[in-house]
Amino acid sequence: MATSLISRQLVLSLKKNLWLSAPGCRHASKAAAKTQLEYDYDGPSMKTAVPGPRSQALTKQLGEIQNVGAINFFCNYDESRGNYLVDVDGNRMLDIYTQISSIPIGYNHPALLKMMTNPNNHSAFVNRPALGILPPENFPDKITESLLSVAPSGMTRVQTMACGSCSNENAYKAMFIWYRNKERGQSAPSEEDISSCMINQAPGCPDLSILSFMGGFHGRTLGCLATTHSKVIHKLDVPSFDWPIAPFPRLQYPLEEFTRENQQEEARCLEEVEDLIVKWRQKGNPVAGIVIEPIQAEGGDNHASADFFKQLRNIARKHGCAFHVDEVQTGGGSTGKFWAHEHWGMDDPADIVSFSKKLLTGGYYHKDELQADKGYRIFNTWMGDPSKNLFLAEVLNVIRRENLMEEVTRSGKALMTGLYELQGRYPGVLSRARGQGTFCAIDVCDAATRDKMLLQARDKGVLLGGCGDRSIRFRPSLVFKEEHVHLFLNVFNDVVAKHK
């Protein structure tokens, strides 16, 4: 990388032989003191093309059993450490995608491995109970220690689930149940309600809707798909509901140069939200809830201002809709705050907040009034996994002990600084660098170039992910440090330079 970029940043003094041996890494960094994690590697090490021969053989083997069209390569998780993912061919890559934003404190963190050796934890790993009917004795304490210790503002209730999609699916059900109970008042369901629901007819299966946003992603299960609008491959050939879809603001960057234009764009979108709520009520399909991501992740890392979300929250209140903030991808600390919605500065930000990924388990927090009124209304066999709550409690201990929120802020600042400089150097290739904390993205001139760059970075030992039409998204773990940022920037500069 040119020294003009390096000289403006503090950079790790990497072990020279490893740094210079990585393909394409021609410029050793000048640097500050090394703060290498005990369980991390020093840098990438590439031995074969990716996928290598072992990965190709395993893909062929699995292809006889499953569809393998989405598989990138097979991994050696035993050898993976910290910020580095190792594949079955011995290639070691700096992972800035982390299983689609799902690894909170890196691979094989010693604190989590130690938990496996504690005899007091063995039962949670060996036995997986049906939590809705037969929870273990320590379940209330463990939920309090883990999930409730990081509960969003104003929420003291949490419903555990297994993954992001089922978290949102059941959150939608909770909103519908709440809305219908609100309509009935003190009345019990009628005989017509009871009989009609068994044949999928109103009024027992009411005509209600969830308002979502174009570009949003909330999961691939049937109800969630009705609110997912990011890629055709998710939705094609699957029946869906007639629910309203509002435009999400398309901000212009740099933000400080387009203040007026962006305010007008957000105002346009908010006006459309109100119009849709009124229109769907008139259609006899009222909006029971609004669901939105603090940052549209899968749809292209699309941002909106804190004022936009505050006004949207007020619109939900005005029209009697539940307000559901989907933090499945943004929750867990990668934006520099534990919850991305904390950046809005609101005391009462939501009625429901769903989570998964970096929190290792799934579920949703909710206001008291969205508690299901009867057992089995929000229910499945497992409703989460107690072992994941144990791991989460230890992850939270590590975050606090190692001040990882501060680490994310520092690393995110270094990453954004580097991305700004790169887009300034290669304006025909890169644009619209944006992010909070290390939850960042940058646009590439077109989708084909973006896809080539992702593969070229992987060949040089850096794993990245795409999103939207032509964006590259960055989703490192919380132990991603400034030295990892600069290592990445060196590799990425080499990749981008080929396309200038």
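The structure examined here is a predicted model, and the secondary structure of its protein chain comes to 17 helices and 14 strands.

Among these elements, three strands form an open sheet in the order β1-β2-β12, in which the pairing is mixed. The edges of this sheet are formed by β1, covering residues 84–86, and by β12, covering residues 462–463, each of which pairs on one side only. Strand β1 is joined by three bridges to β2, which covers residues 92–95, and these two strands run antiparallel. Within this part of the sheet, V86 stands opposite R92, a residue of β2.

With regard to overall dimensions, the C-alpha trace of the protein chain spans about 75 × 60 × 45 Å along its principal axes. The radius of gyration of the protein chain is 24 Å, which agrees with the value near 23 Å that a compact globule of 500 residues would have. Of the 500 residues, 54% count as buried, and, among contacts between residues at least 6 apart in sequence, 71% join residues that are at least 24 apart.

The accessible surface of the protein chain comes to about 22200 Å², and 52% of this area belongs to carbon and sulfur atoms. As for charge, the protein chain carries 56 positive and 56 negative side chains, with the centres of the two sets lying 5 Å apart.

Key
Residues are numbered from 1 along each chain as its sequence is written. This is a predicted model: local features need pLDDT of at least 70, side-chain atom pairs count only at pLDDT 80 or more; totals for chains, interfaces and linings use all residues. Side-chain values use heavy atoms; hydrogens and water are left out. Helices (H or I, at least four residues) and strands (E, at least two) are DSSP runs, numbered from the N terminus. The radius of gyration is taken over C-alpha atoms; the globule rule is 2.2 Å times the number of residues to the power 0.38. Buried means under 20% relative accessible area, exposed over 50%, partly exposed in between (1.4 Å probe, protein chains only). Contact means heavy atoms within 4.5 Å. Accessible areas come from the Shrake-Rupley method with a 1.4 Å probe; for residues, only the protein chains shown count as cover. Lys and Arg count as positive and Asp and Glu as negative; His and the chain ends are not counted. The place of a charge is taken as NZ of Lys, CZ of Arg, CG of Asp or CD of Glu. Two strands pair if DSSP finds at least two bridges between them.
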